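Let's go through a few labels together and check what stands behind each one.

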Amino acid sequence: MRDVLPTLESWWDAGRPTALATVVGTFRSAPRQPGASMLVGDDGQAVGSVSGGCVEGAVYELGSGILEGTDEATLQRYGVSDDDAFAVGLTCGGILDVYVEKVDRESFPQLGAIAAAVREHRSVAVATVVSGPADRLGRRLVVWPEEVEGSTGSARLDDALRDDVRGLLAAGRSALVSYGTDGERRGEGLQVFVESFAPPPRLIVFGAIDFAAAVARMGTFLGMRVTVCDARPVFATSSRFPEAHEVVVEWPHRYLAKEAEAGRIDSRTSLAVLTHDPKFDVPLLEVALRLPEIGYIGAMGSRRTHLDRRERLIEAGVTEAELARMSSPIGLDLGARTPEETAVSIAAEMIAQQWGGRGTPLSDREGPIHSESNVEPAVSAASLQATP
């Protein structure tokens with residue numbers, strides 16, 4: 001819903017009903033991920049996409065019917081097209097589960113508060129019953145880190161969701177979760193789609209060099225909140241890094257330690273260490289490699305720089321297991337030469353690590369483009385109990 005939220009909020013503010021279609025489950029090579037949304041307005045306008053064009057027409061008709069009152073909120077599955085040229089389906093071979101519902105001020109009174117939280121980069125999640133008993137369909141719970149609003153119609157399910165949703169929100173994950181009809185964690189018969197609106201993932205670029213500007217630009221393009229940090233005030237200026245969200249003048253290791261102590265470093269944080277100067281890199285990487293929650297740690301430098309850096313870190317007491325978390329030299333082998341090309345290779349490595357990609361040409365692979373490991377599956381509520 002994040003991409004269409006500004007339009008949805010404006011229609012909601014104006015008191016206009018909207019049909020909201022949301023991808024809640026994907027299988028195989030589905031073109032969009034869970035959370036992708038499309039709106040159908042009361043004036044016939046369509047905003048957003050659930051499949052990149054494959055089934056939008058069918059979803060539009062379903063949304064129009066819901067607005068007109070001829071159809072009810074529903075969970076619809078779209079799969080592979082059959083031999084009929086007019087069949088509605090996905091030519092990519094994937095499967096989408098799309099939940100379509102009517103949204104207005106009465107059915108979704110919390111929407112304004114959710115939109116405000118997203119704008120202010122505050123964490124919030126929306127848990128909506130998308131499959132189950134008719135009297136529970138469409139009911140929702142809105143969960144913030146410190147409060148909960150709404151109800152699914154079952155106190156037991158509300159209690160279970162409160163804890164499970166906060167686990168998903170802490171990890172920045174959206175998921176389709178199964179419960180028993182009265183909230184039993186090991187039960188079946190009711191599905192809840194949890195859409196997490198966590199703050200943007202962070203990218204911290206250490207080293208105010210020419211490559212850093214390109215990496216900062218790439219991070220912003222990918223929707224990350226970018227910080228550039230360097231101890232040298234003559235180089236660490238906002239004018240040199242206009243696309244970074246913040247530029248910090250501080251010794252890198254001190255800045256990272258303070259951010260970690262303040263709770264602003266998590267598994268969605270990526271570090272790009274570009275200084276390739278041991279007086280900056282080694283103290284910084286000592287701190288970084290001992291923080292278990294960091295998602296990606298990459299360090300720039302030649303093979304010689306890498307070996308020298310590695311020896312210094314071992315002398316400082318960094319273990320082999322900790323060193324294995326560092327991508328050095330940073331980036332995938334794309335043959336990059338310019339700062340912009342290097343930024344693409346670094347971003348590619350971050351994406352591959354996040355989704356379990358191999359970084360190989362798709363033309364050299366067989367089978368689905370999106371492997372099962374790259375798609376958020378439906379999960380049972382019981383499995384969430386291990387989520388931090």
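Q: What makes Arg-309 part of a helix in this predicted model?
A: Arg-309 falls within helix H8, which covers residues 303-315. A helix here is a DSSP run of at least four residues.

Q: Why is Arg-309 called buried?
A: Its relative accessible area is 3%.

Q: Which residues does Arg-309 contact, leaving aside neighbours within four places in sequence?
A: Arg-309 is in contact with His-276, Asp-281, Leu-285, Ala-299, Met-300, Gly-301, Met-326 and Ser-328. Each counts because contact means heavy atoms within 4.5 Å.

Q: Why is Gly-189 called partly exposed?
A: Gly-189 has a relative accessible area of 48%. Buried is under 20% and exposed is over 50%, with partly exposed in between, so Gly-189 is partly exposed.

Q: Where does Gly-189 sit, and what does this glycine touch?
A: Gly-189 belongs to strand E10, residues 189-197. Not counting residues up to four places away in sequence, Gly-189 touches Ser-131, Gly-132, Pro-133, Tyr-179 and Thr-181.

Q: How do you know what confidence the predictor has in the chain?
A: The average pLDDT is 87, and 89% of the residues score at least 70. On residues 82-87 the pLDDT stays under 50, and the model has 2 contacts for them beyond four places in sequence. Residues 372-377 also have pLDDT below 50, with 15 contacts beyond near neighbours in sequence.

Key. Residues are numbered from 1 along each chain as its sequence is written. This is a predicted model: local features need pLDDT of at least 70, side-chain atom pairs count only at pLDDT 80 or more; totals for chains, interfaces and linings use all residues. Side-chain values use heavy atoms; hydrogens and water are left out. Helices (H or I, at least four residues) and strands (E, at least two) are DSSP runs, numbered from the N terminus. Buried means under 20% relative accessible area, exposed over 50%, partly exposed in between (1.4 Å probe, protein chains only). pLDDT is the predictor's confidence in each residue, from 0 to 100.
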